[in-house]
Amino acid sequence: EYIRLLHGLVTLETELVEKLNLKQVIIIPGDSEADSAVRRELGRAAAGVLNQHLGDNMTVAVSGGSTMAKVAEAISFSMPSTTVVPARGGLGEIVEYQANTIAAVIAGKLGGRYRLLHIPDGVSEETLEAILAGDAHLRTVADAIRHANILVHGIGEAVEMAERRGVPAETIAEIERRGAVGEALGQYCALPGKVVYVTSSIGLRLDDLAEIGTVIAVAGGSAKAKAILAVAGTGRQDVLVTDEAAAKAIQLLI
Ligand code: BG6
């Protein structure tokens, strides 16, 4: 029975590679939303993908989120020449889920170093420009982020992420009105793959991932199906690590 299940998942992986225009899809059996053991496996699988792609002297950019926290937890190899940076800063997450925190934990696991983005949440684009202009260190970090060899990021449901980050109700209503279903890196996306609302911050945006070597997304649970589709549809994504529940829900939508 288990062999049959795995066989079915391999077929589904191939289908999603083609339809979502990705290089690789990895599907973990089960539902990470309902089962913490599956959440752990999702983290482990993504950590494995990172291990495969990681070479000497690379820069790895990471997002925040509870899924990425599991990826960090699962890393059990070292690569001391790695520099880990947050993909984007100041998105209003609790400290455990902030990209800075995840970057520091992953750097610690790898025995490498980290460079963090210390910028306040919720400041305007103009203020960010002014901060950047006056801070050479911050500019070096921003530059390292833009040239990362690998990006590993989570994907969230649009409204849930906006609420979790304390976005004002009027803005949430606007994000919904624009049809956003998914979110990654502080950018809210509508189907079939359009960024419709951007949180102002420093770091990577979905539409400037062309320079990044390998983009790895990690997200599971059937509730994230539309979110995953919308984010994958924005363009540059290479590897998707997901679970059976999300993959089957995506299959029903494509
Ligand atoms: C955020 C990331 O921290 O976590 C997002 O910036 C991502 O890219 C989100 O969408 C996902 O969170 P979780 O907890 O569902 O893994």
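Reader: What is the relative accessibility of Arg236?

Author: This is a predicted model, in which local features need pLDDT of at least 70 and side-chain atom pairs count only at pLDDT 80 or more, while totals for chains, interfaces and linings use all residues. Residues are numbered from 1 along each chain as its sequence is written, and side-chain values use heavy atoms, with hydrogens and water left out. Buried means under 20% relative accessible area, exposed means over 50%, and partly exposed lies in between (1.4 Å probe, protein chains only). Arg236 counts as partly exposed, because its relative accessibility is 22%.

Reader: With which residue does Arg236 form a salt bridge?

Author: A salt bridge is a side-chain nitrogen of Lys or Arg within 4 Å of a carboxyl oxygen of Asp or Glu. For Arg236, the closest N and O atoms of the pair are 2.5 Å apart. The partner counts as buried, at 4% relative accessibility, and this partner of Arg236 is Asp238.

Reader: Which residues do salt bridges that share partners join into one network?

Author: Side chains of opposite charge can pair when their charged atoms come close. Here, salt bridges that share partners make one network, and its members are Glu93, Arg164, Arg165 and Glu183.

Reader: How many residues apart are Glu183 and Arg165, whose pair links distant parts of the chain?

Author: The side chains of Glu183 and Arg165 meet in a salt bridge, at 2.7 Å from N to O. Helices (H or I, at least four residues) and strands (E, at least two) are DSSP runs, numbered from the N terminus. Glu183 is buried, with a relative accessible area of 3%, and Arg165 is buried as well, at 13%. Glu183 lies in strand S7 (residues 180–184) and Arg165 in the loop between H7 and helix H8 (169–177), so that the pair links distant parts of the chain, 18 residues apart.

Reader: In which helix do both Lys19 and Glu15 lie?

Author: The side chains of these two residues, Lys19 and Glu15, meet in a salt bridge at 3.2 Å, N to O. They are four residues apart, about one turn of the helix, and the helix that holds both is H1.

Reader: Which residues gather in a patch of negative charge on the surface?

Author: Patches are made of residues with over 30% relative accessible area and no salt bridge, like charges being joined within 9 Å, and nonpolar side chains (Val, Leu, Ile, Met, Phe, Trp, Tyr) within 5 Å. Lys and Arg count as positive and Asp and Glu as negative, while His and the chain ends are not counted, and the place of a charge is taken as NZ of Lys, CZ of Arg, CG of Asp or CD of Glu. Accessible areas come from the Shrake-Rupley method with a 1.4 Å probe, and for residues only the protein chains shown count as cover. One member, Glu163, lies in helix H7 (residues 158–164) and is exposed, with a relative accessible area of 52%, and the patch as a whole consists of Glu33, Glu160, Glu163 and Glu176.

Reader: What is the phi of Asn57, which is not a glycine?

Author: Asn57 is found in the loop between H2 and S2, and counts as exposed, at 61% relative accessibility. Asn21, in the loop between H1 and S1, is exposed too, with a relative accessible area of 64%, and its phi is near 60°. For Asn57, phi is positive, at about 60°.
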